[in-house]
Structures are given as C-alpha cells and as structure tokens.
Amino acid sequence: MVIGEAAPALSAWQNFYVIVGSSAGALTGLQFVVIALIAEARATGSMQEIRAFGSPTVVHFCAALLISGIAAAPWNSTQTLSIVFGLCGILGVLYSLSVVRHARRQTGYHPDAEDWTWYVALPLAAYVSLLIAATLLNSHPAGILFWIAGTTLLLLFLGIHNAWDTVTYITVKHLVKKDDAAR
C-alpha cells in the first residue's frame, strides 16, 4: 500500500505496474535465453554488436521494471518521486547516446533507418519523455501518471520489438548459411 502525499495519485496504478513490471522481468530473462541460443547457433557477431543491439533491449526491459518498482514503492511525496523519475530519464538519455556510439563503432552489421528508429530514436524519445514527465509530476500528478505509464509501455514494447528483430535476423542469417553450406 502506498502511504503519504503520493498515495492518492499512485494507489490506482498498483495493478498496472505489477503487470508491467512482471512482464518486463520475465522478458529480461527471456532475452538472456535468446542470447544463449544465438551463441549456441554459433551465429557470427561481436561484443560490439551485442552492445549496440542486444544490451539496449535488456536495458529497456530493466527500465520498465525499474519504473514499475519505483511507481509501486511507498513514496511520501510526489516531489521525491519526480526526482527519482527524473534521474531515470537522465540516465536513459545518456544510455541512448552511448547506444549511438556503439552502433557506429561496430562493423558486423550496417543499421538501416528502421534500426536507427527502433534502437535509438524511439528509446531516446521515451527517456526524454520520462524526464519531461518527471518535471511536471508535481503540478499535474493525475495526468502525468498516464504519461509515465505510456512511456513505461513504450519501453516494454521497444524491448519486445528489438528482441524479435534480433531473433529473426539471426534465424534468417543462420538459415541462409545452412542453405549455402548445403549447396
């Protein structure tokens, strides 16, 4: 149960964040299985590619899990909550910028416009959105909590999309190699 000044605003969101946080936690574990299967399939790649495309997926799932945990915690004030969400937004923005660096440094795959959108632009927008929402939380808590919930779902869906993108890319690449070897 949420206590203090933030209680009325957050109490209605408890079930939402339990569902989203649980999903994010489960999907984070599933991403570890995906990486293990990729390694088992002996797919070619490097640590640079994992940093550019695999790690961000885990980070977005973990961000959704973290936001859910933060929202479900018993905060005494929306001011403290807004500071914590703001820190999450800042860290997410900084991480998104590091993804750009990693994507440009790796040489095993050439990202196209869709990759830049899903792996950089949308996550950066989500973390900037969280940062902006954090600054507005004290003045408009009821509406901003919907904004934060939407941002959390965006991070979850980004992770799902990017995990699927990785699996399909590796699968197709592996099947092509098998077909080439059979010829």
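## Fold and confidence

Read along the sequence, the elements follow the pattern α-α-α-α-α-α. The chain holds six helices and zero strands; helices (H or I, at least four residues) and strands (E, at least two) are DSSP runs, numbered from the N terminus. This is a predicted model, in which local features need pLDDT of at least 70 and side-chain atom pairs count only at pLDDT 80 or more, while totals for chains, interfaces and linings use all residues. Residues are numbered from 1 along each chain as its sequence is written, and side-chain values use heavy atoms, with hydrogens and water left out.

The predictor's confidence in each residue, pLDDT, runs from 0 to 100. Its average over the chain is 85, and 83% of the residues score at least 70. Confidence is lowest in helix α1 (residues 7-11), with a mean of 72, and highest in α5, at 96. Where pLDDT is low, the predicted coordinates should not be read in detail.

## Burial and the nonpolar core

Of the 183 residues of the chain, 39% count as buried. Buried means under 20% relative accessible area, exposed over 50%, and partly exposed in between (1.4 Å probe, protein chains only).

A nonpolar core is a set of buried Ala, Val, Leu, Ile, Met, Phe, Trp, Tyr and Cys residues joined through side-chain atoms within 4.5 Å. The largest one has 29 residues, of which Y17, I67, L81, F85, L137, I148 and L155 touch the most other members. At least two residues of this core come from each of α2 (14-40), α3 (47-72), α4 (78-105), α5 and α6 (141-182). The most are given by α6, with seven residues.

## Aromatic pairs

Rings of Phe, Tyr and Trp (its six-membered ring) pair if their centres lie within 6.5 Å; planes under 30 degrees apart count as stacked, over 60 as edge-to-face and the rest as tilted. The count by this rule is four aromatic pairs. One of them joins W13 and Y17 in a tilted arrangement, with 6.2 Å centre to centre and 45 degrees between the planes. F16 and Y17 make an edge-to-face pair, at 4.8 Å centre to centre and 85 degrees between the planes.

Ring pairs link W13, F16, Y17 and F146 into a cluster. Within it, W13 is buried at 12% relative accessible area and Y17 is buried at 3%, whereas F16 is partly exposed at 22%.

## Helix α5

Helix α5 (residues 113-136) has 24 residues and spans 32 Å from its first C-alpha to its last, close to the 34 Å expected at 1.5 Å a residue. The expected span is 1.5 Å times one less than the number of residues. The helix α5 bends by about 30 degrees at A121, with a proline, P123, following within four residues; the bend is the angle between axes fitted to the seven residues ending at a position and the seven starting there.

Buried residues in α5 include D115, Y119, P123, Y127 and S129.

S98 sits in helix α4 and is buried, at 14% relative accessible area. A polar atom of the S98 side chain lies 2.7 Å from the backbone oxygen of Y95.

Q106 is in the loop between α4 and α5 and is buried, at 4%. Its side chain has a polar atom 3.2 Å from the backbone nitrogen of G108 and a polar atom 2.5 Å from the backbone oxygen of Y109.

Technical notes:
A polar contact is a pair of N or O atoms within 3.5 Å; within protein, one must be able to donate a hydrogen and the other to accept it, and residues adjacent in sequence count only if both atoms are side-chain atoms.
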